[in-house]
Amino acid sequence: MKQEGATFRSRTDKYKIITTVIFVIVIVALAWQSDDAYHAYIMAKNLVEGNGFVYNIGERATASSCPLFTLVIACGYFVFRKMFLVSLLICVLFSTSAYIITLKNFCRSSWQVILAFVSLIGSMSFVSYTTSGLENCMLFFLTALFMKYYLADSRYDGKKLFILAVLISLIAMTRMDAVLMFVPMILYVYLGRRDGVSFVKSVFIGFAGLLPFIGWEVFATFYYGFPFPNTAYVKLGTAIPEREYLIRGVQYFLTTLSFDPVLILIPALAVILTVFVRKAHYTYCMAGVLLYIVYVFYIGGDFMVGRHYTVLFLISVIALIWISGSDETEHKLRKMTVKAFSVVLFLCIVVSYTAKPLTNQYLFGYGNSPIADERGGYFQFTSLYNNAISYIKTGDMVIRGAWNESGIEELRGKGTNSGVLIMVPGISRYYNQDMYLNDLYALGDPFLSKLPAVREDNWRIGHMWREAPVGYDETVQTGMDQIENDSIRQYYEVIKYITRGPLWDKGRIKAVIDMNTGKYDHLVEEYRNTLDGNNHQITDEYFLSR
């Protein structure tokens, strides 16, 4: 028996090593960079070069929704000044670490290793966001760590409570809304599963664990003037009715299901097994998954297919493996799990053989919703493979060819180093950091991001543009306030004072407090009253066009 057990463990360990090697080969072979990642890279580069943790030099504003990941990228860039390579290396390290933690802590048999491997590799979206340059890879790593400590015990002493709180803090600093997936689990642990720790003491432990996130929020509010990333104001402060967001959320879910069925069906299977098992530990785990799915519906999903489901997918894979191998359910669920594994394997094969070429970006969606396979669109220019081949052959990389920079070149031709263009992609912005550049999507513009978005019939989540107030372009280019509308000009001056004024100035600190308590909201509302129903400005040209 001992020899059989040793053979069993040896075979399982061998499978873990083999699948890990294949996992790394696959994600490196398909490694790519999202254009959106470069907005964060700009801030990382500025920080390392002594220009502050900012998007545009001289203006304290953030275009990154993932401050902790951006800081990690900055650390990597500080050591190795090749942003493309160092960022991909960091992504591969985080994603591979998440995979190793999953195998080491949750897979106790060979078939569980295969289940984990095929499920994760079988999801096109999960593989895409292991190396996209976005924060997903770090969330994978932190999620695997959290699940390791959460599922390891049924009772939690002070040390374990603190570790879980710290991980929640780090997850919040990586992407604030990702915390929703872990709220049911952390409440379950702190309110009902403490081991020899009083409620009052647990509150202090939890507070101590959350100090990194609390510290960041205090810093962000003081430094930038706002507690939330600028991107949050861009995407949610649009004045677009909630009903339209819900419709977009449904479209996102259905589009993801049709493009990457494994990404949706694995969580569904995990929920079904949880209902069957009826154990609180797993119930609260899957409650977080369901809560986040509802949240994704509420925010309208995303324009990147599958992206917002990848972390809850990893949670579901881990839960599925753990439930299926637990002692109390082993005999009852083994057959069900094997059948489920067969279905997953079949779906993986179908997806793999029906997927379109990596060099094409294809839009799809129910109701003509503008949702894209970002890897498919950018692979030609931002993949590790294509850039390596180009560098070997020509000595240059192809990444800068992802976008046309004619608008930026036109500004340079005019002799100006500042401007607000219709669109400034992250990659183009990264290679023109000597200029002050923003666009009408306002990801890095602390002023435009607070204005209502223009409503269009087929608006795209994350790409709701603002119409610049008359005179704003000239204001940015000349540095002299030429905004015509009196209310919004006053609002701009306050934003300018907060983001460009002396950091420790008492008047600025008061302005930050007043801004975040709504004292200046009436100025935006007064300006909004001058717009038409779709938030276009009503000017002489407007009436001539009717």
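Let me start with a term: a residue is buried under 20% relative accessible area, exposed over 50%, and partly exposed in between. Keep that in mind as we go. The structure above is a predicted model.

First, the charges. Arg460 comes out at 22% relative accessibility, so this residue counts as partly exposed. Its partner is Glu374, and the two form a salt bridge. The closest N and O atoms are 4.0 Å apart. Glu374 has a relative accessible area of 4%, so Glu374 is buried. Where do Glu374 and Arg460 lie? Glu374 sits in helix H18, residues 374-382. Arg460 sits in the loop between strand E4 (436-439) and helix H22 (472-478). The pair therefore ties together parts that are 86 residues apart in sequence.

How many salt bridges does a search of the whole structure find? The count is 13. As background, side chains of opposite charge can pair when their charged atoms come close.

Take Glu135 and Arg175. Their side chains meet in a salt bridge, at 3.1 Å from N to O. This pair links distant parts of the chain, 40 residues apart. Glu135 is in the loop between helix H6 (124-128) and helix H7 (136-152). Arg175 is in the loop between helix H8 (158-174) and helix H9 (183-192). Are Glu135 and Arg175 buried or exposed? Both Glu135 and Arg175 are buried.

Now set that against Glu410 and Lys414. They form a salt bridge as well, with the closest N and O atoms 3.9 Å apart. Here Glu410 is exposed, and Lys414 is exposed too. There is also a network. Salt bridges with shared partners join Glu135, Arg175, Asp177, Asp302 and Arg307.

Next, the nonpolar side. In soluble globular proteins, nonpolar side chains tend to be buried together. In this model, the largest nonpolar core has 129 residues. Which of them touch the most other members? They are Phe69, Phe146, Met147 and Tyr150. Helix H4, residues 83-106, gives the largest share of this core, with 13 residues.

Look at Phe69. Leaving out residues up to four places away in sequence, Phe69 touches Ile90, Cys91 and Phe94, among others. The contacts of Phe69 also include Glu135, Cys137, Met138 and Thr174. A second, separate core holds 32 residues, including Tyr233, Ala442, Tyr472 and Val494.

Two cysteines came up in that list, Cys91 and Cys137. The cut-off for a disulfide is 2.5 Å between the sulfur atoms. Cys91 is at 0% relative accessibility, so Cys91 counts as buried. Cys137 is also buried, at 0%. Over the whole structure, the search finds 0 disulfides.

On to the rings. The count comes to 30 aromatic pairs. One of these pairs is Phe146 with Tyr150, and it is stacked. The centres are 6.2 Å apart, with 15 degrees between the planes. Phe146 and Tyr150 are 4 residues apart in helix H7, so about one helical turn separates them. Both Phe146 and Tyr150 are buried.

Compare Phe447 and Tyr491. Their ring centres are 6.4 Å apart and their planes are at 45 degrees, so this pair is tilted. Phe447 and Tyr491 link distant parts of the chain, 44 residues apart. Phe447 lies in the loop between E4 and H22, and Tyr491 lies in helix H23, residues 486-500. Phe447 and Tyr491 are both buried. Ring pairs link Phe53, Trp216, Phe219, Tyr223 and Tyr224.

Last stop, Thr416. It lies in the loop between helix H20 (406-413) and strand E3 (418-421). Is Thr416 buried or exposed? With a relative accessible area of 14%, Thr416 is buried. A polar atom of the Thr416 side chain lies 3.3 Å from the backbone oxygen of Ser418. Beyond residues up to four places away in sequence, Thr416 touches Leu411, Met435 and Gln477.

Key:
Residues are numbered from 1 along each chain as its sequence is written. This is a predicted model: local features need pLDDT of at least 70, side-chain atom pairs count only at pLDDT 80 or more; totals for chains, interfaces and linings use all residues. Side-chain values use heavy atoms; hydrogens and water are left out. Helices (H or I, at least four residues) and strands (E, at least two) are DSSP runs, numbered from the N terminus. Buried means under 20% relative accessible area, exposed over 50%, partly exposed in between (1.4 Å probe, protein chains only). A polar contact is a pair of N or O atoms within 3.5 Å; within protein, one must be able to donate a hydrogen and the other to accept it, and residues adjacent in sequence count only if both atoms are side-chain atoms. Contact means heavy atoms within 4.5 Å. A nonpolar core is a set of buried Ala, Val, Leu, Ile, Met, Phe, Trp, Tyr and Cys residues joined through side-chain atoms within 4.5 Å. Rings of Phe, Tyr and Trp (its six-membered ring) pair if their centres lie within 6.5 Å; planes under 30 degrees apart count as stacked, over 60 as edge-to-face and the rest as tilted.
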